[in-house]
Amino acid sequence: MKITQAAVAGTLESSDVMVRIAPIDTPEIDLQISSSVEKQFGDAIRATVMEILTRHDISGVQLVVDDKGALDCILRARLETLLVRASDVKNLPWEERA
């Protein structure tokens, strides 16, 4: 999946997460995480983000995660919404990849 434009998903409310993505000119992933629970769950947040990006073959992006204590399922939903908004796809391929 190719990220073609900047996009935002989520809110800054308690127990939610706001994620922002934008394409960049390098093939790397510039991941910036700010979380009220980073000491306890920072590694889990990072792992979830990287899993979603890897699953959809995302690279060459800057991704900013501003977490306010969101559950993992909320983080995943916000990231998948973000990817649809930032790319040319109309919906994500829900089936598992081989």
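Where is E51 placed in this structure? E51 sits in helix α1, and we will come back to this residue in a moment.

Hi everyone, a quick word on the ground rules. What you see is a predicted model, in which local features need pLDDT of at least 70, side-chain atom pairs count only at pLDDT 80 or more, and totals for chains, interfaces and linings use all residues. Residues are numbered from 1 along each chain as its sequence is written, and side-chain values use heavy atoms, with hydrogens and water left out. When I say helix or strand, I mean a DSSP run (H or I with at least four residues for helices, E with at least two for strands), numbered from the N terminus.

Back to E51, then. Its relative accessible area is 34%, so E51 is partly exposed; buried would be under 20% and exposed over 50%, with partly exposed in between (1.4 Å probe, protein chains only). The E51 side chain makes a polar contact with the side chain of R55, at 2.7 Å. By polar contact I mean a pair of N or O atoms within 3.5 Å; within protein, one must be able to donate a hydrogen and the other to accept it, and residues adjacent in sequence count only if both atoms are side-chain atoms. From E51 to I24 it is 27 residues in sequence and 20 Å in space, C-alpha to C-alpha.

Now to the strands. Two strands pair if DSSP finds at least two bridges between them. β1 and β2 run antiparallel, joined by 3 bridges, and A7 has I21 in β2 as its bridge partner. I21 in turn has the bridge partner L63 in β4. β2 and β4 are also antiparallel, with 7 bridges, and V19 stands opposite V65 of β4. On to β3, residues 29-35: this strand pairs with β4 in the parallel sense over 7 bridges, and I33 has V65 as its bridge partner in β4. The chain gets from β3 to β4 through α1, and this β-α-β crossover is left-handed. For reference, a crossover is right-handed if, with the strands pointing away from the viewer, the path from the first strand over the helix to the second runs clockwise. As for β4 itself, 6 of its 7 residues are buried, so β4 is largely enclosed by the rest of the structure.

Which residues of α2 are buried? They are L75, L79, E80, L82, L83 and A86. These residues cover an arc of only 155° around the axis, which puts them on the same side of α2; the arc is that of the directions from the helix axis to the C-beta atoms. The buried residues of α2 pack against β1, β2, α1 and β4, where contact means heavy atoms within 4.5 Å.

Is D16 buried or exposed? At 8% relative accessibility, D16 counts as buried. The D16 side chain makes a polar contact with the side chain of T11, at 2.6 Å. Leaving aside residues up to four places away in sequence, D16 touches several others, including D66, K68 and R78.

S15 is in the β1-β2 loop too. S15 is not a glycine, yet its phi is positive, about 70°. Most residues other than glycine have a negative phi. D57, in the loop between α1 and β4, also has a positive phi, of about 55°, without being a glycine.
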